[in-house]
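Please look over the chain below before reading on. The briefing after it is meant for someone meeting this structure for the first time.

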Amino acid sequence: MSRSFRLRGWVGSVTAPRPLPLPRLPDLRRLARTLAVATGVTAAASGEGTSERDYAGREVRGKLVLAGAQPAPVAALAVDRFGAAGIVSYAQNQVTAWWREDENLVRWGHLASFPPPRTFAFMVSLKQARAWQERLSRGESVHLRASVRAGQHPGSYDVVTAVIPGEAAAGGEEIVFSCHLDHLRPGANDNASGCATILEAGRALAKLIREGKIAPPHRTLRFVWPPEVEGSLALLNARPELAGRARAVVHMDMVGGDAEITKAVFHVTRSPRSLPTFVNDVGEAFGRFVNTQSDAFAATGAAPYPLADPEGGKRALQAEVADFTLGSDHEVWSEGSWRVPAIYLNDWPDRTIHTDADTIANIDATKLLRAAFIGAASAYYLAQLDGSQVPALLGVIRRHALERTAAALARRGELGAAASREAENLLRFHFAYEAAVVDSISAFAAVAPADRQSAQSFLAGLRRMVEADGIGTVTEGRGGPDGPEGVMVYRRNASPRGPMTAFGYSYLEDQLARRKQSSPALLQFKGLWGAGADYAYEALNLVDGKRMVRQIRDDLAAIYGPVSLAQVADYLDALERIGVVRR
């Protein structure tokens, strides 16, 4: 029986979910305006063009406003309030240790997507802005001419996908490779690197299978190239069967930055804590293997598996294993609507991200090779996983569970001696999470009773060791409910599906604004280990028709740090008012 293992692909057109009426903007052509300054010559935090103080004594009506912040927040004051014609922004890149060091960088910026903007914006470098500011400070006039053709209209996405087919016995189960094609201005690391690397992983795996060097995959390996976040959101809404078949995702966003140039740190990032999964342990194991091999190669010039490209560098990878962070398509797959575990490979920081300096000259071929190996090895392992491999897998999980327990104890110390209830809650969540990690294997392979008993005995022993260290008893139950809002139980509605935010758009904020209702305070909250967007993302993930609001609060407190019950209840109430959840 012959089989083909070439990448089989299709192009499908999918319509974005939650369509909104998008009126076409009138064309804005050849607008000649005198440049007015909304900021001082020095770019203080209070002088970015987002405060009324920035406009004191300046007439900007009908003019272009030079501002240090991104165009969207500037437009709210400069255009909507004071009548400016447009924005010229010299906003710098995301804040890192290298922020503002290169005054020649031009960041790509954007206005808010909804409602349709009534203005336009251009981005310039800090060096150009300073030159204009110097002339204006001398009393000179600066004249710019803008030519703009822009509008909004309903559209669709063309999403390319390909497969290395698995065996029929797998019942259609798939392991997915994901990346993203687009940005306002496509970059080499963000994210041509991820797009090229999953393609290379597919090419290499198909070649090895075709040559008989590795066995055909049991589960299908699928590759997708969508636009970032909103593209994955549209894809899974339009093709829900893809998420239904997916058992795990390997997502690559920025995986090739030469650390000498971009200052990047490579991360192997876990799934959200609301989704306990052993899939994280697989990605971590391969990431650490590459760390060990590449470190030996860098230190001695020899290693069994140096994973070094002849055209690339020789430095050690030094990949960091990281807890879940928002910011790319992995958050769509792992969200509570679909709950597909994700291994997220990514660089951060990157001093050229979202600028005209994100070029191929900053890419390291060795880094791409190592990212491709971690992704391909993780996906192929998951595609082949069966009961015979479970004992070895449990050994890996045990080692990582010890590390995670140490991290949980460190976090308990950050809570302070006075926060005994929060500390107890944190450890309760931790051990429930570890038990669920073991349970998650069942979605891939049968766990023999003896193996399951061994895993349970290990966790019970680990719990006793923690208690013997003076931590106190780690209780199984959660804290009692406080008031009527604490006992409320919510269920997710069938639509809308996916996270509440996409690029340049928040469904929650949009729907609340239409109802003239204020934004929940949780979105502005800053906890010990997370900020408002983190809490909001996980709060919705934890809505399962079983947890009370008090229980959701307790889980959020264990994941990101203590938060008030009132803030969580208020956020879930806002979701109910816009039809995302119901009581």
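This is a predicted model: local features need pLDDT of at least 70, side-chain atom pairs count only at pLDDT 80 or more; totals for chains, interfaces and linings use all residues.

Residues are numbered from 1 along each chain as its sequence is written, and side-chain values use heavy atoms, with hydrogens and water left out.

**The chain as a whole**
- The chain holds 17 helices and 17 strands, where helices (H or I, at least four residues) and strands (E, at least two) are DSSP runs numbered from the N terminus.
- Of its 583 residues, 52% count as buried, a term that stands for under 20% relative accessible area, with exposed meaning over 50% and partly exposed lying in between (1.4 Å probe, protein chains only).
- Among contacts (heavy atoms within 4.5 Å) between residues at least 6 apart in sequence, 78% join residues at least 24 apart.

**Strand S13 and its partners**
- All 6 of the 6 residues of strand S13 (residues 342–347) are buried, so this strand is largely enclosed by the rest of the structure.
- On one side of S13 the buried residues are Ala 342, Tyr 344 and Asn 346, and on the other they are Ile 343, Leu 345 and Asp 347.
- Strand S10 (residues 246–253) pairs with S13 in the parallel sense over 5 bridges, pairing being assigned if DSSP finds at least two bridges between two strands, and Tyr 344 in S13 is the bridge partner of His 251.
- Strand S11 (residues 266–269) pairs with S13 in the antiparallel sense over 4 bridges, with Leu 345 in S13 as the bridge partner of Val 268.

**Strand S3 and strand S4**
- Strand S3 (residues 64–67) is covered on both faces, with Leu 64 and Leu 66 buried on one side and Val 65 and Ala 67 buried on the other.
- S3 and strand S4 (residues 86–89) pair in the parallel sense over 4 bridges, and Leu 64 stands opposite Gly 86 in S4.

**Helices H16 and H17**
- Helix H16 (residues 549–560) packs against helix H17 (residues 565–577) at an angle of about 115°, with their axes 9 Å apart; the axes are lines fitted to C-alpha atoms, for helices over the stretch in contact, and angles run from 0 to 180 degrees between N-to-C directions.
- Residues of H16 including Ile 552 and Leu 556 meet residues of H17 including Leu 565 and Leu 572.
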